[in-house]
Structure formats: structure tokens, C-alpha cells
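Subject: Structure handover

Hello,

Here is the structure I promised to pass on. Please open it first, then read my notes below.

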Amino acid sequence: MSDAPKVLELRDVAVHFGGRGGFLSSPGPVVKAVNGVDLEIGRAETVALVGESGCGKSTLSNTIVGLQAPVSGSVRVSGEEVVGADKKKLNDIRRKVQMIFQDPALSLDPRSTVGATIAEPLIVRGVAKGRELKEHVATLLQQVGLRPEFADRYPHQFSGGQRQRVVIARALALEPDLVICDEPVSALDVSVRAQILNLLVALQKRTGVSYLFVSHDLGVVRHICDRVVVMYLGRFVEMADRDTFFANPKHPYTKALMSAVPEADPVVQRSKERIILGGELPSPANIPSGCAFHTRCPLATEICSKERPELTSRPDGARVACHHA
Amino acid sequence: MNAVANPLLSVDRLTIEIGGANVVDDISFTVAPGKVMALVGESGCGKSLTSYAMLGLLPPAAKRTGGRIMLESTDLGAMSERQLRKARGKDISIIFQEPSASLDPLTTVGSQIAEAYRVHQGASRTEAYEKARQMLVDVGIPDPTRRLDQYPFELSGGMCQRIMISIALINGPRLLVADEPTTALDVTIQAQILDLMKKLVSERGTAIVLITHDMGVVADIADEVAVMYAGRIAEIAPVHALFAAPKHPYTALLLASVPKLDHSPKADLATIEGTVPTPSEFGVGCRFADRCPLVTDKCRSEQPPLFQSGESGHRSACWHIDRMAEIRGVAA
Ligand SMILES: Nc1ncnc2c1ncn2[C@@H]1O[C@H](COP(=O)(O)OP(=O)(O)OP(=O)(O)O)[C@@H](O)[C@H]1O
Ligand SMILES: Nc1ncnc2c1ncn2[C@@H]1O[C@H](COP(=O)(O)OP(=O)(O)OP(=O)(O)O)[C@@H](O)[C@H]1O
Ligand code: SF4
Ligand SMILES: [Mg+2]
Ligand SMILES: [Mg+2]
């Protein structure tokens with residue numbers, strides 16, 4: 001079934017903000033939040049998206065679910081084009097892709113029971129009603145490891161980890177092909193984090209759902225993902241399958257990122273080679289010329305400030321955008 | 001007590017009550033100059049309250065009902081508000097968990113940092129500004145001269161956090177209390193800040209009490225670790241001993257739930273079933289009993305004291321330290 005449509009196909013996607021200015025205001029600078037992004041995600045695959053704050057991870061996620069329009073490029077979810085789709089079509093597509101955010105407290109309505117919260121998308125889509133709806137909600141709660149009678153409770157009666165389970169149950173209600181997880185465990189305690197990660201893996205095994213997993217925790221990424229993409233100032237700078245990525249990271253930014261993530265083992269951590277990056281992440285309103293990383297890169301030479309390196313394939317299958325790596 | 005000879009800070013049997021429950025219960029530890037003590041534990045276990053108590057900054061709802069906090073031979077609990085205010089920012093500094101609330105939105109960051117210096121050192125304005133500029137360089141803020149004249153809203157969250165760190169460090173405090181100082185920061189910036197803290201410790205002999213939930217940060221910088229659970233210390237140990245051979249079921253499970261390098265991908269991670277008891281649910285026994293795989297009747301009826309176990313300074317509050325091998329089975 002290799003020609004079944006990919007769950008997600010991004011082609012040369014660019015998302016910019018501002019630049020026009022209002023009626024009375026002067027035009028502000030254009031924030032190039034996402035540029036030249038190509039990505040495919042297959043069925044039951046988990047792709048991690050890593051990068052520093054402001055590099056465009058959430059913007060890209062919002063674009064995939066149709067909350068943000070790209071200035072150019074194509075976004076296909078299970079073969080259907082999101083860009084320029086009419087309202088009805090967009091509605092159909094949104095059924096196939098769901099989003100889970102970092103803070104479960106913010107994504108739940110405190111005045112609705114969790115049962116009503118989970119039922120909402122089912123009612124809106126007319127998937128089920130009455131008794132059948134109740135059973136559907138009960139099954140979903142069980143799937144995420146919560147008791148069906150919890151349906152009558154309110155969010156404040158749950159712990160953070162339980163609330164994130166509710167959010168996951170709602171995201172799964174419409175049997176999506178793709179779930180975008182934007183830092184889904186970083187607000188949770190370590191011991192709860194493991195429960196949610198186990199749950200996401202188990203659900204994938206059962207339903208074949210795919211994940212785009214936004215995270216800065218490389219330990220979690222290594223655990224849960226099949227492929228990893230590194231983003232810097234709106235562009236992908238490295239993409240590789242998990243084992244290649246962790247065994248042999250190539251882009252100098254990836255290496256710096258890896259060396260900066262503290263390993264939960266004092267012996268390993270204290271003997272690790274450290275690459276401390278100088279400088280600040282430049283603003284996406286003023287992206288450096290050539291390779292956007294050249295202002296902080298330990299390998300930078302003259303060409304780096306002049307020519308932007310394209311993503312090129314390496315013998316082990318990794319794709320890297322760097323003149324010197 | 002502890003192996004540390006001349007502690008800079010000693011917290012002795014600290015107990016803090018909120019609404020009739022001991023949310024911090026009988027906490028003791030010491031920190032020597034030039035050492036880093038990490039406080040770790042689940043959300044709500046009392047880490048922040050313990051640290052606020054050191055600076056006399058408990059919220060109105062909280063009462064210190066027992067214990068002593070000594071900075072060398074000074075009893076911090078016996079200080080007047082005026083004396084405390086003098087000590088704060090000079091001898092002891094704190095970096096708060098939520099930085100946004102701590103900066104004045106109407107004053108440039110340069111004035112705020114310089115003012116912290118002038119108040120305690122009586123320096124001239126020019127001198128204080130130069131010192132502030134140097135501080136910004138130290139915390140890794142590029143273009144410091146321009147940044148000094150900006151207002152907090154003009155800076156990113158990560159930069160505001162580093163401004164807070166600058167204010168906390170400018171007087172070269174002997175004790176730094178840092179409550180999740182890097183949680184809101186990117187890992188590359190976090191690495192910079194951790195290195196800065198290490199430098200303070202080794203070059204100036206600053207002692208640090210570091211609150212974090214990131215076991216990676218603990219592994220990176222801590223000399224000693226106190227693992228708290230529901231207001232009590234579950235285990236306290238030198239960092240290498242804690243990671244190599246945890247002596248409390250909670251610590252062992254906590255460490256096992258973090259994905260490791262040698263872990264096979266997508267395999268089940270160890271978890272801790274159930275949830276932390278709220279203060280109103282604290283029973284008479286071990287507070288971890290409801291979630292513990294080793295639990296026996298004794299655990300439910302009697303609170304375990306901190307037992308000495310293994311190498312010096314390694315203590316664990318568990319009745320069944322000798323059964324830890326069973327936990328490793330659960331965690332594998
Ligand atoms: N609605 C908007 N208007 C203007 N600029 C925006 C808007 N949304 C995002 N940006 C800018 O686009 C860039 C990318 O932001 P985005 O939220 O995608 O980053 P991120 O990688 O998700 O960061 P984080 O890790 O902090 O969540 C940032 O510079 C941000 O300020
Ligand atoms: N101002 C307050 N009023 C009432 N209860 C409080 C107050 N501050 C803290 N508590 C309670 O005291 C206990 C300990 O809180 P503390 O803030 O010290 O936890 P923590 O370990 O710092 O948690 P976190 O990791 O979430 O920051 C919690 O049960 C908390 O709900
Ligand atoms: S005292 Fe009992 S319940 Fe508490 S941690 Fe030890 S074995 Fe578990
Ligand atoms: Mg984001
Ligand atoms: Mg706290």
C-alpha cells in the first residue's frame with residue numbers, strides 16, 4: 001500500500017506574520033516564522049519536531065490544522081489539501097487531525113464535566129447521541145485509563161496527569177489520522193509524564209494514529225519518536241530517523257542542542273563534551289543572511305553568511321542543511 | 001547529623017502548617033559553602049514553601065510551627081523584618097519560580113539591577129551601572145549596553161528570567177535559593193545559566209539551594225539531593241549515591257520513569273500508580289504507602305524515620321530499605 005496517501009504532506013510551506021500594517025500604523029517588519037518546510041508523515045509514525053522557543057514549531061502546527069494560513073506551499077492531510085479549502089472541506093479535514101497542547105488546565109472548560117467535554121466533538125459531528133453517545137464517551141475514558149464514572153466530574157477534581165488524559169480522550173474521539181502533540185508532557189510531573197507517554201504509545205499500537213510530537217526533551221523524543229526534525233528560525237536544518245539522529249547528529253546546531261540537554265545520570269552528564277552556544281537566538285523578524293545559524297555557529301566561515309545551505313541527503317539517510325557538516 | 005563540617009545553612013526540623021496540615025513536615029538538611037543542594041519532588045510537595053521560609057517570605061496562610069533555620073550562627077527565624085530585609089539580596093538571594101511578577105514594568109532593567117546593588121553597597125550610580133552591565137554579560141545577554149535601557153516588556157521571557165538572576169547575583173550572596181530558575185528557559189540558555197551557577201560555586205564559594213523537577217539538572221549540578229514527597233524528605237543523599245543506588249521506592253520509581261539512553265524505544269516506562277495525597281489526606285503512616293509496591297501494614301500505621309543507609313550521608317525514610325531490589329524488578 002505504498003501509494004496510499006501520506007497522513008501528512010507538507011510542500012515548501014511558508015508562514016509569515018505582519019508586514020502590512022493597519023490603516024494608521026506603519027507597516028511592521030515581516031516575521032518569517034516558517035520557511036521552505038517539506039515533511040511527510042506516514043501511518044502509525046511519530047515524528048518529533050525540536051528547536052528553541054520561537055523557531056516556529058507552534059506556527060507550523062497551527063498551519064497543519066488550518067488555524068493559520070501559509071503564505072505559500074501546500075499542506076495535505078490524508079491526501080486532502082488544507083490550503084484554500086472551503087469551510088466544509090476544512091471541517092472534514094479537521095476531523096482527521098487533532099491537537100493536544102502543553103497545559104491541560106488551559107485546554108479544558110472548567111464549567112463542563114469531562115464527559116460533556118469529550119462528547120462535544122461527537123455531538124457537533126453528529127457521530128452519536130443519547131445512549132450511544134454515553135457509551136462512546138465511556139469507551140474513550142477507558143481507553144485513556146480513566147474510569148467511565150469520571151464522566152460526571154469537573155476538571156478541577158482531577159490531577160494534571162488525569163486532565164491531560166481527558167484532553168487526549170477528546171482528541172481521539174473522532175478517530176483522527178494525525179494528532180499534533182505540542183509539548184504534551186512538559187507541564188506534568190516526571191512520574192505522570194511516563195504514564196502519558198506509555199498511553200500515547202499504546203494508543204498508536206492499537207489505532208495506527210500518527211503523531212507530530214513537539215518537544216524540547218530529547219530523552220522523551222528518543223523514547224517515543226521514529227524520526228526527528230530539528231528546526232532553527234523557521235527552517236528545518238536536520239532530519240533523520242531516530243537511531244541515525246542520536247548515533248550521529250550532524251548539524252552543529254543539533255550537536256549544541258544535544259550537548260545542552262542534561263542527561264539524568266551524573267556520571268554521563270559530567271563527562272559529556274559541552275558546546276556552549278554564544279549569542280542569542282536572532283529575531284525571526286530579522287533572520288541572518290546565508291545560513292541563519294552562522295551568528296552562533298562554531299564552524300561558520302565566510303560562505304555561511306552568504307549562501308543559504310539547502311537540505312542535502314547523506315549516505316546514512318539523514319538530511320542536513322550545513323556547508324560544513 | 002550531616003557529614004558537612006561547617007554548614008553555611010542549616011535547616012533543622014522545619015515544619016510549616018497550612019489549614020491545620022503540615023505541608024512541610026520535619027525537614028532537615030545542611031548546605032556547606034561552595035555546595036549545591038537540590039530539592040526535588042512532585043508538584044505540591046513543599047519545595048517552594050521550604051525555600052520561602054529561608055528568606056522569611058512565607059505566604060500569609062502558612063505558619064512556621066517548628067524548627068530552626070540558621071545561616072552560620074544567625075537564626076534567621078529570630079530576625080526582625082528589618083534585619084531580614086537587609087540580609088535578603090545581600091547574604092541570601094532568591095530567584096523565584098515565576099519571574100514575570102517580580103520585575104517592575106515601569107522601570108528599565110538597568111535601573112532595577114543597579115538599584116539592587118546600590119541599596120546594599122552604597123555605590124555610585126555610574127559604578128552600579130557598570131556592575132549591572134557586567135552582570136548581563138555574565139548571564140549571557142548579548143548587547144548589554146542597549147539592554148540596560150530597555151523595559152521588561154521589550155525582553156523575551158528567557159531574558160527577563162536572566163535579569164532576575166542578575167539581580168539575585170549582583171551582590172555576590174553567600175547563599176542563593178533558586179526555585180526552578182531554568183524551567184522556563186531553552187536548553188541552550190539553561191546550559192549557560194547552569195555553568196554560571198557552577199562558576200559562582202567554585203570561584204566564590206556560594207552555596208546554592210536549587211529547586212527543580214528535572215533530574216538532568218540535578219545530575220548536572222547538585223552535590224547533594226533531598227527528594228521530597230508530600231511535605232517530607234523521603235531520601236537525602238550525595239548525588240552519585242542517589243542515582244547509582246536509590247534507597248527509597250519513590251526515588252527508585254522516579255528515576256526509572258525517565259527515559260534512558262539504553263532504553264528500547266516505545267517500550268513501557270516505569271510509572272507510579274495513583275496520585276500524591278493532598279494535605280488533608282495525610283495519614284499516620286508513610287505518605288507514599290498508597291502508591292508503594294513494597295507497602296506492608298507497618299507502613300500504613302507508622303511513619304518511617306530517616307534511616308542511615310549505605311555510604312555516609314545517605315538516608316531514607318522507608319521501613320523496607322532492604323527490599324529495594326524488588327523495586328528494581330518493578331522498574332525494569
Ligand atoms: N500571531 C502572530 N503574530 C506575529 N508573530 C507571531 C504570531 N505567532 C507567532 N509569531 C512569531 O513567530 C515566531 C514563531 O513562533 P512559534 O510560536 O511558532 O514558536 P515556537 O517554536 O512554537 O516557540 P515555543 O517553543 O516558545 O512554543 C516567533 O517569533 C513568534 O513571535
Ligand atoms: N499560599 C498558599 N495557600 C494555601 N496553600 C498553599 C499556599 N502555598 C502553597 N500551598 C500548599 O502547600 C503545599 C506545598 O506547596 P509548594 O508551593 O511548596 O509546592 P512545590 O513543591 O513548590 O510545588 P511545585 O513543584 O508545583 O512548585 C501544596 O499543597 C500547596 O497547595
Ligand atoms: S515505608 Fe513502606 S510504603 Fe513507605 S516507601 Fe517504604 S515500603 Fe513504601
Ligand atoms: Mg510553541
Ligand atoms: Mg514550587
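Let me start in chain B. Phe307(B) has Ser316(B), in strand 12 of chain B, as its bridge partner. That pair belongs to strand 11 and strand 12 (residues 315-316) of chain B, which run antiparallel over two bridges. Strands here are DSSP E runs of at least two residues, helices are H or I runs of at least four, and both are numbered from the N terminus. Two strands count as paired if DSSP finds at least two bridges between them.

A word on conventions. This is a predicted model, where local features need pLDDT of at least 70, side-chain atom pairs count only at pLDDT 80 or more, and totals for chains, interfaces and linings use all residues. Residues are numbered from 1 along each chain as its sequence is written, chains are lettered from A and ligands numbered from 1 in the order written, and side-chain values use heavy atoms, leaving out hydrogens and water.

The chain B sheet

The open sheet in chain B has eight strands with mixed pairing, in the order 6-7-8-3-9-10-12-11. Strand 6 (92-95) and strand 11 (307-308) of chain B each have a single partner strand, so one side of each has no neighbour in the sheet. Helix 1 (residues 47-54) of chain B packs on this sheet. This helix touches strand 3 (36-40), strand 6, strand 7 (175-179), strand 8 (207-211) and strand 9 (224-229) of chain B. Contact means heavy atoms within 4.5 Å. The helix direction makes about 150 degrees with that of strand 7 of chain B. For such angles, axes are lines fitted to C-alpha atoms, for helices over the stretch in contact, and the range is 0 to 180 degrees between N-to-C directions.

A sheet in chain A

Chain A has an open sheet of four strands, ordered 2-1-4-5 and antiparallel. Its edge strands are strand 2 (31-41) and strand 5 (80-81) of chain A, each pairing on one side only. Strand 1 of chain A pairs with strand 2 of chain A over seven bridges. Phe17(A) has Val31(A) as its bridge partner there. Strand 1 (residues 8-17) also pairs with strand 4 (residues 72-77) of chain A, over five bridges. Ala14(A) stands opposite Ser72(A) in strand 4 of chain A. Helix 1 (residues 57-64) of chain A lies across strand 1, strand 2 and strand 4 of chain A, at about 120 degrees to strand 1 of chain A.

Where the chains meet

The contact takes 42 residues from chain A and 47 residues from chain B. The buried area is about 3600 Å², with 57% from carbon and sulfur atoms. That area is the accessible area (1.4 Å probe) that two parts lose on being put together, summed over both. His223(A), Arg270(A) and Glu280(A) supply 17% of what chain A buries against chain B, more than any other three residues.

Three salt bridges cross the interface of chain A and chain B. A salt bridge is a side-chain nitrogen of Lys or Arg within 4 Å of a carboxyl oxygen of Asp or Glu. Arg274(A) forms one with Asp195(B), the closest N and O atoms being 3.1 Å apart.

Salt bridges overall

The whole structure has 34 salt bridges over all chains. One joins Asp217(A) and Arg193(A), at 3.5 Å from N to O. Asp217(A) lies in the loop between strand 8 (210-214) and helix 7 of chain A, and Arg193(A) in helix 6 of chain A, so the pair ties together parts that are 24 residues apart in sequence.

Best wishes
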